[in-house]
Each structure stands twice: as C-alpha cells, then as structure tokens.
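Me: I am new to this one. Please show me the structure, then let us go through it.

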Amino acid sequence: MLLDGTLNSEVLNPQALNPEALHALSASTAIGADVERYWQTVDVDPVSRQVIGGGIAAIAHEMAEHLFRMAYSSIMRESRDIGAGLLDRFGRQICESDSTPMHCGSLPAYVRGIDRLHHGRYQEGDVYLHNHPYHGASHSPDYGVLVPIFVAGMHVGFAGCTGHMVDIGAANPGFSVDVPDYFAEGQVIDAVKICDRNGRIAGVWSLLMSNVRTPEANTGDLEAMIACCELGRERFVALAQKYGLDQVMSAADAAMDYSERLMRARIAALPDGVYDAPTAWLEDDGKHWGQPLRIATRVVVSGSDIYIDLTGSNEQVSTGFNCPFEGSVLPTANFAIRSLLLSETGDGRGVPQNDGVFRPVHVIAPLGSLFNPTPPRGCEARFTQINRIPDQIMQALATVMPEQVTAGNSANVCCFVYAGESSEADGDDYWVSVEVNEGAYGASYGSDGLDAIDNLMANTRNTPIEEVELTAPMRCECYELLADPPAPGRWRGGLGATRMWLFNAPLQASSTGDNRSIDPPRGLFGGCHGRAGAILHHRANGETETLPAKISNHRFAPGDRLELKLVSGAGYGDPKQRDPAAVWRDYCDGLISAQDAQRDYGVVFTADQQGVDWEATTQWRQQGSKP
Amino acid sequence: MCLQRRGYCLKRIGIDIGGTFTDLVFWDDASQRRVIHKRASTPDDPARAGIEGVLELCAKAGASLAEIDLILHGTTVATNILLERNGAKVGLITNAGFRDILHIGRKNRPCNFAHNQVVTRQHYPLVARQYRVGVAGRIEAPSGKEIEALDVAAVEQTVQAWRDRGEITAIAVCCLHAYLNPVHEQHIVAEINRLWPEVFVSASHDIVPLYREYERMSTTALNAYVGPGTSRYLQRFSKALSTEGYAAELCLMTSAGGVVGVDEASRRPVSLLLSGPVGALIAGVQAGIETKTDHVITLDVGGTSADIGVAPAGQVRMRALLDTQIGGYDAMVPMCDIDTIGAGGGSIAWIDEGGAFRVGPQSAGADPGPACYNRGGSQPTVTDALVVLGWYRADALRNSGLDIDPELAVAAIEQHIATPLGLTVYQAAAGIYQLAVHSMVESVRVNSVARGLDPREFALVAYGGAGAAFAVAVAQELSMPKVIVPPAAGVGAAGGLLATDMKYTRQATLWQPLSSADQPRIQAVADELAATAVAPLHKDGFGSEDIVISYSADCRYVGQGYELQVPVSANFGDPDWCQGVADAFHGAHQRAHHRAFPDSPVMLVNLGVTATGRIRAPASAPLSASGGCSDSQQQPARFRVAGQLDCVATQFVARGQLAPGTRMTGPVVIEQDDTTTVVPPGYSVVVHPLGHLQIELQERVAHVA
C-alpha cells in the first residue's frame with residue numbers, strides 16, 4: 001500500500017520549491033555570520049576535542065539539572081518543561097540539555113531576538129529576559145533568560161535557558177486559545193535587562209511580578225533560571241581558562257562540523273526528490289468550530305540539504321492558534337529530521353545536538369500562514385500544530401525510509417491549565433496548575449507504538465497525582481490506559497491514556513489541543529488509523545457535555561468531573577501478519593477482546609480461552625478476513 | 001548475636017561475591033590480624049562459592065566458623081536478578097483506576113531524538129498488566145481520611161485466584177496516599193497473609209512510605225520482583241552457614257552503606273541493589289581515616305565498568321532520592337552516590353563513522369577479552385593500551401592464569417586506531433588511555449563539582465584490578481592533590497564490609513510547613529520511627545550505649561518540588577527547632593544552588609531516622625619495618641612529559657617488598673597480584689606505615705618533606 005502522491009520525481013532542484021524558497025530559513029543561526037571570529041582557529045588533537053566536547057555537554061546537562069531542582073512551579077520542576085544551553089556570540093548553539101526538545105531547539109532564536117536590540121552592549125553581570133513571540137520566543141509563556149559570558153574582558157557567548165512560566169498575566173489564568181491578539185496572551189517582555197552587575201533592577205522586577213497572577217512561583221522560577229545561566233557561565237569560563245578560549249572554541253567548531261557532516265551524509269543517502277505527505281487537517285482554531293485548518297507538507301531532498309515546505313497550509317487564524325516561525329517551527333523541523341536520520345537510539349547516539357545539526361535543514365512557510373503568522377496575531381497555542389510537522393514528514397518519507405518512520409502519532413499536545421482563587425491568607429492570589437497530557441506513538445517496523453507517553457516534540461513529565469491532591473482542590477479518580485483497543489497493525493499503535501478529575505472547589509480551566517477527530521493518526525502499510533480522543537464534562541447533576549479540544553476559561557463547579565480520553569497512535573503493516581502470540585498477550589493484558597483478535601487480526605483462541613488455536617488461526621488467516 | 005558478651009572484641013569476615021571472583025577478608029580485633037582469600041565465583045549458585053570460601057578462609061586463618069562473631073556480605077544477587085530480568089512473577093494490588101501507573105510512569109521517554117526506543121517500564125514491565133488489579137477504596141489528601149471503604153471482597157477474590165492459578169510468586173501492594181495513612185494497605189496485607197501466608201508480599205507503606213505514587217509503586221514492585229529470589233538466596237546462604245557452625249546472624253551491606261540483618265534484607269531486597277559496589281566506597285572512607293584524609297572519592301575500576309563514589313568529610317554521600325534508577329527502573333530507596341560508567345579494562349576503542357575517536361561503552365569483557373589476552377579478541381581495548389604503553393608487562397596477570405602478548409595489543413591498536421587516525425601506535429594507545437580517563441573524570445566531576453564539592457579538596461582512592469592504573473591521571477585532570485592505593489586494593493570491597501556499622505533507616509512523609517509545624521506530631525512520628533529503627537539493633541545484641549540515633553529532614557521551599565536533606569536535632573519540642581531546621585535548609589540550598597531565600601517559607605516534607613549500631617572498624621595491619629626496595633627493574637615505558645609522549649626508563653617494583661616510609665619518584669610501576677599501580681613522572685609515592693601507597697605531585701611532597 002502506498003500513500004497518495006508520494007513521489008514526484010520530475011522536480012529535483014530548488015525550482016521545485018515555492019518562490020518563498022528564496023527566504024528558506026535554516027534553524028542554524030549566525031547573527032552576522034560575516035562578523036570576524038573572535039578566536040584563533042587552532043588544531044585541536046582528537047583526544048582534546050572529545051575531552052572539551054564532553055566538558056561542554058556536561059555543562060548543559062548540569063544547567064538543566066540545576067534548573068528543575070530549584071524551580072517552583074510544577075510545570076518546570078515536575079514536567080521539566082525547560083531547556084538550557086550555551087551559545088557563542090553569534091548565537092550558534094554549542095550544546096543543549098536533554099530536556100524538552102521544543103525548548104532547547106529554540107534558544108538560538110531567543111538570542112537573535114535579544115541581540116537585535118543589545119548587540120555590542122553586553123556587560124558582565126547582565127541578565128536578559130525575553131518572551132516576544134515575534135522575535136524568537138517559542139511562545140510568550142516560555143521565558144528565555146540569557147546571560148552574556150565574558151572571558152578576559154571579551155564577550156564570547158551566552159548561557160541561556162528557557163522555561164514555561166505558569167502564568168504571565170494573560171487575559172485568563174495560564175493561557176487560553178480564544179484571544180484577539182498576542183497582547184492578550186500575557187505580558188510581552190522584549191529583551192529586557194532584569195539584572196546588572198549590581199543585582200536585580202528593582203523597578204523591572206516590580207513591573208514583572210505585579211502583572212502576573214502567581215508572582216511567588218514566578219519569582220522562584222526566574223531566580224532558578226538565572227542561577228542556571230550563571231552556573232553555565234561559570235563552567236564555560238572555567239573551561240576556557242583551563243584549555244584556552246582558542247582551543248575551546250575550535251573544539252566547539254569541530255563538534256558542530258562533525259554533527260553537520262553526519263547529518264549531511266544521512267540526507268545525501270536519501271534519493272533526491274520531492275516527497276509530499278497527504279494533506280492533514282486540524283479540527284478548528286478554538287473559536288470557529290467546524291472549520292478545519294489545512295496542513296500541507298512537502299519534503300524536498302536535494303543533495304545534502306533538506307527543505308521542509310509548508311506552503312499551502314492554512315492562512316493564519318484570528319485566535320491564539322498560530323505558530324511562531326523562528327522559535328517553534330524551525331526547531332521542530334530540525335527535531336523531525338534529526339530523530340529520523342540521526343536517531344539517538346541508533347547510530348546517532350552521542351552525536352552532539354548543536355548548530356551543526358541545524359545547518360542542512362531548511363524550512364519554508366509563507367508569511368501570514370498558520371506556521372508564519374504576522375503581528376498582532378496571537379500565537380500562544382502552537383504545540384498541537386507544530387507537533388504535526390514531524391508526523392507529516394514521516395508520512396512523506398515513509399516509502400523511502402519504511403524502517404525508520406512511525407505510523408501516525410497522536411502528534412498533538414493536550415494541555416490543560418486549571419486555576420482558582422487561592423484560599424491561603426498569604427501567598428499568591430491564584431493557584432494555577434498546568435497539565436501537559438501525554439500522547440501515544442504510532443507503531444513502527446518491528447515494534448508496537450509506545451503507550452501513553454509524550455510524543456515527538458514534547459517530552460515532559462506528569463505531576464504526581466499525590467502532589468496535585470496535596471496542593472489543589474482536585475481529586476484524580478482514574479489514570480490508566482484507555483479501555484478501547486489499540487489501533488490494529490502487524491505492529492499495533494500505542495494506546496493513549498484516560499484521566500478523570502473530580503473538582504472539589506469552583507475552578508476555571510482552559511485547554512489547547514486537537515482530538516484528531518477529523519483526521520486521526522494515519523496507519524502505514526496496511527496498519528489501521530489511530531483513534532480520536534474526547535473531552536467530557538460530567539456535571540454533578542448527572543449531565544454530560546462533550547467539550548472541544550480547545551476550551552477558554554471554562555467553568556467547573558464543585559462535584560463536576562472532567563474526563564480526558566487521549567489520542568491513540570496508528571498501526572503499522574497488515575494486522576493479519578501480527579504474531580499471534582502478541583495478539584494473545586494483548587488479550588491477556590485486557591487490551592483487546594477475543595472478538596477483536598479474530599476480527600482485526602484473524603487470530604482464533606482455543607475454545608477454553610487458554611491460548612492461540614494455531615490451526616484455526618492459520619486457516620482463518622488463509623481464508624481471508626471475512627468470517 | 002553476641003556483641004555485648006564479647007565486649008566488642010570480634011572476629012569478623014567480610015565476603016564480597018562478584019561475577020568473576022569471590023573476595024573474602026578475615027579480621028580479628030584481639031590479635032589485629034587480617035587474612036585475605038580470593039577464589040573463583042560460582043555464578044550458577046553464588047552461595048556455594050560463598051560457603052566454600054568462608055570455610056577456606058577460616059582454615060587459612062586457623063579459626064572455626066563457630067568462633068566468628070559476624071559475617072558481613074555484599075551481594076549482587078538482587079542486582080543480577082533485575083539486570084537479567086529473571087525475577088518473580090509479580091501481582092500488584094492498587095486502587096481501582098490506577099493499575100497502569102506502573103506502565104505510564106512519569107510519561108516521559110528516555111531519549112529526545114529517537115522515534116523507536118526502549119522504554120523499560122513498558123517493554124519489560126515489572127508486573128504484567130493482567131496481574132495488575134485495582135480495587136475500590138480511597139484515602140484523601142492531605143487529611144489522610146478514608147473517603148471510600150476498601151473492597152475487601154475484591155482483594156480476597158484476587159488473592160485466591162492468584163494462589164489457585166499458581167502463576168504469581170510475589171505480591172506488591174501500593175495504594176494512593178498510603179504514606180499518609182496505610183490502613184488500606186495494611187488491610188490488604190492482612191488478607192494476603194490470611195489467605196496465602198507463604199507468598200512474598202511487599203507493601204509500599206512498609207518499603208518506602210514517601211509521596212509520589214509512581215516512584216513508590218515502582219519501588220514496591222521492584223522489591224517484590226527481586227524479593228523471592230533474593231530472600232531464597234539469603235536464607236539458603238544463612239542456613240548453610242549455621243549448618244557449618246556459624247552461630248550469629250548473617251549481615252548484608254545495603255545500597256545506603258549500612259549493614260542490616262538477614263531478615264531485614266530478605267524483607268527489603270530492593271535496598272540491596274548497590275550492595276556490591278558500596279564496599280569499596282566504605283573501604284575508601286576507612287583508608288581516608290587511616291591516612292588522615294578528610295575527603296575521599298573512590299575509583300573502583302573492573303573489567304567492564306568503573307564505580308565512582310564520593311565521601312566528603314568522611315561521610316558517604318547519598319544520591320537524591322528521585323535520581324535512583326537501576327537498570328532502567330525507578331527505585332526510590334536511599335543509595336550511596338555511586339556512579340557506574342562503562343569504562344573498564346575491557347572497554348573497546350573505536351572510530352565512529354563521523355571520524356570521532358571513542359572508547360566504550362562496548363566491552364570485550366572477560367571473553368574474548370582484550371586483544372593481548374590472545375583469546376580471540378581483535379578489538380583494541382583499554383588494557384591493550386596499557387600494555388602498549390609498557391605499563392602492564394607480559395607476566396602482569398600470570399597469577400590469574402593469563403599471559404599477555406604485547407604484539408597482539410600493538411597490532412589491534414595499529415589497525416583500528418593508529419592507522420585510520422594517522423597517529424603512531426603509542427599516540428593512539430595514549431589517546432585510548434586518556435579517553436578512558438576522561439570518562440572517569442567526567443563522572444567524578446558530575447558527582448562532585450556538579451554538587452558543589454570541589455575535587456581539589458579530595459583524595460582519590462583506587463580500588464579494583466585497574467583502578468590504580470588510572471587514579472593518578474584522573475586526579476591530575478581534576479587537580480586532586482593526592483591518590484591513595486590501599487593494600488590489597490584489588491579486593492577492597494570485601495575489606496570495606498568490615499568497616500561498616502549496622503544501620504537501620506526509617507522514613508515518613510510529614511508535609512509540614514515549618515512556619516506552622518505541628519511539633520507534637522513530628523515528635524510522635526520521630527519517636528515511632530526511632531523505635532522501629534532501634535528494635536532490630538537490640539535484637540542484634542547492641543546495647544543502648546552503642547546505638548546512635550540521628551534524624552534528618554527533607555525540606556524544600558514551599559512551591560518547590562525537590563527536597564534537600566539536612567541533619568536535624570532531636571529536640572523536636574524546642575521552640576527553636578523549626579527555625580534551626582529552616583536555617584540548616586537555607587544553608588544547604590545555598591551550597592547546592594548558589595542561592596537561598598531566607599524569607600521564603602520552608603516545607604518539611606520527609607522525616608528520616610537512622611539508628612546506627614557502632615562496630616569498631618579494623619585498622620589496617622602495620623607493615624613490617626624490614627625490607628626496603630631491594631629488587632627493582634628498569635624497563636622503558638611511555639609517559640606524557642611536558643605534553644610530549646616520551647619513552648622513559650621506568651622502575652618496576654613488587655609491592656610486597658616495599659617497607660613503610662619508602663619513597664620513590666615516578667616513573668614507577670608497582671606490581672602486586674591483584675592490581676598494578678602506575679606512578680607517572682613528576683609524582684612521588686610514599687609508603688604509609690599501614691601499607692597505603694600515597695601518591696602526590698613531586699614538588700608537593702618535596703615541599704611537605
């Protein structure tokens with residue numbers, strides 16, 4: 001079975017791309033790449049190169065560790081919705097932590113955003129804060145903190161980190177999709193210096209914290225972010241003092257070139273060509289219900305470069321459901337290609353994640369579209385759309401990389417924010433809790449999809465139920481795999497989770513996501529499509545209301561329940577080829593019924609339900625699926 | 001146990017059973033005599049080598065087993081059950097609606113940039129889904145009140161079915177908020193005991209009464225998974241010892257670096273997952289005391305891996321409770337901060353497709369082993385590099401029955417590394433060595449610097465067959481001032497067992513803001529924990545005067561999610577107690593994170609109590625003052641001198657011939673049966689009166705002298 005319109009071999013050169021190709025942007029940064037280098041490139045012997053490279057990577061790891069251990073809000077400390085890394089003066093990423101990919105990949109864009117206003121004016125001891133979604137921020141709740149690094153009085157680079165703030169003073173607590181513009185999504189902080197050599201700049205902090213609902217948590221989180229960057233700065237300076245700046249920067253350069261070389265080799269190994277994914281659809285923009293949004297995805301492989309062309313995707317929308325191009329779309333395309341071609345679990349293990357990996361990957365998205373909006377459009381709720389990009393790329397490349405891709409993934413992010421007025425006498429006026437719900441993977445060649453796990457660009461953690469119940473007026477009544485069967489395939493799709501919350505106090509909730517109801521995760525090579533999710537509001541009086549995936553400031557009364565049924569991934573390959581022993585195991589584990597086994601997989605169990613009836617199964621499968 | 005009766009003058013045996021060798025050490029307080037024995041392990045039944053080894057050792061020491069007061073054992077049995085995945089078939093009873101917590105975990109995946117990856121909790125579940133059962137019943141937080149009664153009938157039905165079907169061999173019980181109120185878990189355990197008394201049961205309130213349901217459930221399931229196998233082994237070993245005449249209780253080293261009796265160990269085998277490697281860390285602390293060194297880091301290098309442990313101020317450092325993963329599973333139990341990395345003598349050097357020069361984590365193991373063993377291995381290993389550099393001589397391993405062929409080492413490095421990289425074979429060998437050193441350095445750094453400890457204040461203590469070949473280079477990279485190679489460094493872990501106190505730790509989640517803490521409640525919890533921690537010590541024969549009770553608090557700022565542990569005073573009723581805890585926490589936060597928030601409210605999350613039964617550590621036996629360095633040979637070996645790899649005349653001496661006070665200047669290679677110590681140029685080595693080799697930078701020694 002082939003996907004529709006996969007390979008169009010007549011166009012193989014950049015002319016196959018849209019006119020916008022001229023503006024094709026790579027996530028590789030170089031603020032003024034023509035600027036002269038501020039170090040002498042020296043030969044670094046192979047051993048020192050590895051030693052310095054290891055030292056640099058350890059710094060990013062340590063920075064992230066520091067940040068989530070010290071952070072206050074559960075979104076940072078439990079979910080670890082953070083990123084940290086070091087960048088050179090041009091904003092080229094030298095290293096990044098292995099936390100949420102969305103965060104780390106976006107750091108270079110934050111540097112561009114800050115550098116456009118402050119280039120050449122950095123002082124030792126400065127701390128910059130930035131969240132402008134039209135100048136590099138991933139979205140406005142993801143604060144970026146940047147600390148310039150000086151070696152022997154010379155500005156040599158930055159230590160940076162990003163983290164999701166629980167509340168940034170938007171129209172509604174946390175976030176909501178149905179907003180008129182990006183100003184309604186929270187306080188915009190455009191490359192503001194918040195500390196200098198004398199410490200905090202008091203007025204700025206006062207302004208920052210008096211405009212958010214959770215100043216205590218935000219203060220703690222921001223302090224943790226600053227401490228994280230200062231640690232990175234100290235570590236880098238120590239490294240430069242030990243080996244010399246020339247050695248360190250030359251080793252960093254070599255590491256970038258190494259990553260680029262590997263990435264290019266992998267791209268070059270793919271047949272040149274234009275690969276189109278089937279058109280994908282999003283349910284709506286969070287306001288205009290029933291009006292689906294289009295995602296067009298074309299992948300062009302040309303030599304050792306790869307172009308992701310999103311031309312043809314929907315116009316930008318009037319709600320907050322657009323995607324910042326630099327801070328979100330670019331890192332996502334890069335993530336998709338790296339995961340596919342230089343997998344960390346395969347031979348890409350140990351290949352440093354740095355600017356080199358970004359260089360051969362280019363993205364095209366016309367200005368004014370869903371993936372490249374223009375101000376003042378809102379663009380806070382972007383994860384669900386961008387998480388479709390890696391999924392689409394895999395659909396496009398399935399025929400040339402059948403053993404590397406996965407079948408359709410949940411490829412969304414179902415994110416909820418719960419908030420209420422705080423009953424505590426002191427502390428913040430509100431309590432706000434962000435919940436990033438898991439997805440599920442599509443199956444791939446040789447393995448079933450991963451169940452109930454963060455998908456693609458997301459890799460956060462849940463907050464322990466026992467923690468939520470200790471701190472918020474909510475009680476979890478169920479957190480399990482879905483009762484529905486997984487998507488059949490030779491390898492079955494990953495199963496989503498289900499969750500039930502009971503609310504003990506009045507509260508308001510907003511969400512963003514996509515239940516995949518009009519375009520479920522696509523099966524590959526005969527595997528079945530994944531399953532849509534659903535969100536239900538069970539009122540205390542017994543009525544049930546089906547909610548859309550995007551609710552804005554929806555009210556729940558005490559005794560009400562919220563039920564989430566999350567999306568399941570698609571199957572891979574013909575289910576009739578599934579190992580009957582695996583079907584039996586799924587049956588024993590309560591994932592499928594005996595009827596499912598026979599109907600979907602052609603597997604018959606013995607009359608006493610004690611195992612596979614191999615003879616009957618062979619017969620059944622040979623005769624075809626019809627009973 | 002008869003500790004009191006004999007006035008703490010004991011005959012003790014430490015036994016460390018590893019995959020390849022079983023190491024034993026005998027120590028007699030009265031005669032200050034130490035006897036060492038090493039024999040091959042019997043992996044099919046580790047207890048066999050254990051018993052035989054103990055008997056052989058007793059014969060060597062001229063003591064009968066009946067005279068032995070204490071046998072201390074470090075075991076990898078629980079770890080191997082887990083890593084080999086041949087544990088019990090576990091059934092789990094939890095709340096209705098939550099049976100997949102074990103499968104979902106914290107819902108993160110181990111790797112960011114990969115679409116296909118192994119997620120241990122899903123691919124190798126500790127409990128298959130069909131054996132995870134939810135029953136109705138609910139405790140509320142934070143009150144701890146029951147809001148839904150336990151469905152006892154469902155429990156009964158489940159247990160009966162499991163018992164009758166005969167598939168399950170252990171049961172884990174974990175209910176939400178059991179750390180606040182264990183009544184439902186207790187009820188379930190009572191039902192299991194009533195219906196099926198023989199089955200191994202592990203309940204979360206008993207194993208790890210701390211909040212965070214996934215980590216607690218995983219730990220409890222892990223305990224059940226390794227439980228039957230480990231306790232069977234322990235009981236068999238213990239029984240065999242008493243059959244042979246041993247009258248006291250077999251004691252086990254825990255991951256936390258204390259020793260517990262066989263009953264406790266059998267009940268909580270999840271606390272034994274680092275039982276093996278801890279011994280060397282404890283030994284290192286002891287070596288530090290003997291050489292008057294306050295802060296030590298231990299480096300225990302074996303064939304495939306290196307264990308790195310950190311002990312500031314003579315105290316073994318514990319890992320943060322949420323970082324405690326073993327074999328891909330989460331285990332929220334106290335563990336010494338020991339990091340294991342894939343860098344050992346057998347680690348293979350290779351060049352990846354991007355042209356990068358790498359060492360490990362793949363290992364040639366013992367079979368085929370390094371190329372120079374001439375047992376079929378053709379890949380260059382770290383050991384081959386040591387041979388090419390001239391540090392390991394052809395007969396270095398003769399007593400282990402191995403002849404080294406240096407030609408094979410040269411050929412392997414030449415072909416796989418030197419030629420492709422355009423280096424000489426010596427440069428390539430030095431590179432392999434340096435990369436192995438580098439990964440050890442990174443591990444030490446992450447475990448010291450990353451936690452606010454400065455390695456320049458630490459001495460590095462070398463253990464294991466290969467530790468003494470790397471220690472100086474690792475110390476140099478980190479500017480650590482001193483390296484210590486204890487006598488019998490190759491069997492150091494067994495010696496460490498003898499230097500350990502008996503320790504029982506109990507914890508409880510309190511969840512009390514310090515500004516408004518319920519001090520009487522804290523007092524009550526502390527008293528209860530102390531009573532349960534002390535009881536087994538009394539049973540072991542410790543008098544109250546030799547029991548020390550210490551208290552710790554896991555605290556965080558209100559709103560944070562990770563606790564830092566601080567020691568606290570026992571005066572729980574004091575009006576200043578809370579302020580004292582808060583101050584200690586601010587200080588700990590400052591050290592760990594470089595800032596503190598003295599105005600922010602502090603939450604007391606967990607209280608911990610450790611009861612320690614003190615056992616006098618044996619001293620190292622003083623070396624006889626005779627001898628000198630009579631018999632040394634000069635041979636060329638390669639060292640990096642002023643950045644250049646040079647061939648220099650090197651002294652090779654036998655360790656057994658070194659008298660106390662002997663001082664030598666590198667390059668020196670000191671050979672002994674169980675390890676080889678490499679002292680590069682620029683370093684001096686001094687033999688301590690108790691036999692430790694102390695290696696320091698030469699000018700430093702000169703300065704001190």
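Reply: Chain A first: its domain assignment, with bounds from an automatic or database source, gives domain 1 (39–258), domain 2 (406–578) and domain 3 (579–623). This is a predicted model, where local features need pLDDT of at least 70, side-chain atom pairs count only at pLDDT 80 or more, and totals for chains, interfaces and linings use all residues. Residues are numbered from 1 along each chain as written, chains are lettered from A and ligands numbered from 1 in written order.

Me: How far apart are the C-alpha centres of domain 1 and domain 3 of chain A?

Reply: Domain 1 of chain A covers 39–258, and domain 3 covers 579–623. Their C-alpha centres are separated by 53 Å.

Me: Which residue follows helix 5 of chain A?

Reply: Helices here are DSSP runs (H or I, at least four residues), numbered from the N terminus. Helix 5 of chain A is residues 215–243. The residue after it has a positive phi, near 95°: Gly244(A).

Me: Which helix of chain B gives the most to the side that touches chain A?

Reply: Contact means C-beta atoms, placed from the backbone, within 7 Å. By that rule, 53 residues of chain B meet 63 residues of chain A. Helix 3 (101–104), helix 8 (213–243) and helix 13 (425–447) of chain B each supply at least two residues to that side of chain B. The top contributor, with 7 residues, is helix 13 of chain B.

Technical notes: The expected span of a helix is 1.5 Å times one less than its number of residues. Two residues are in contact if their C-beta atoms, placed from the backbone, lie within 7 Å.
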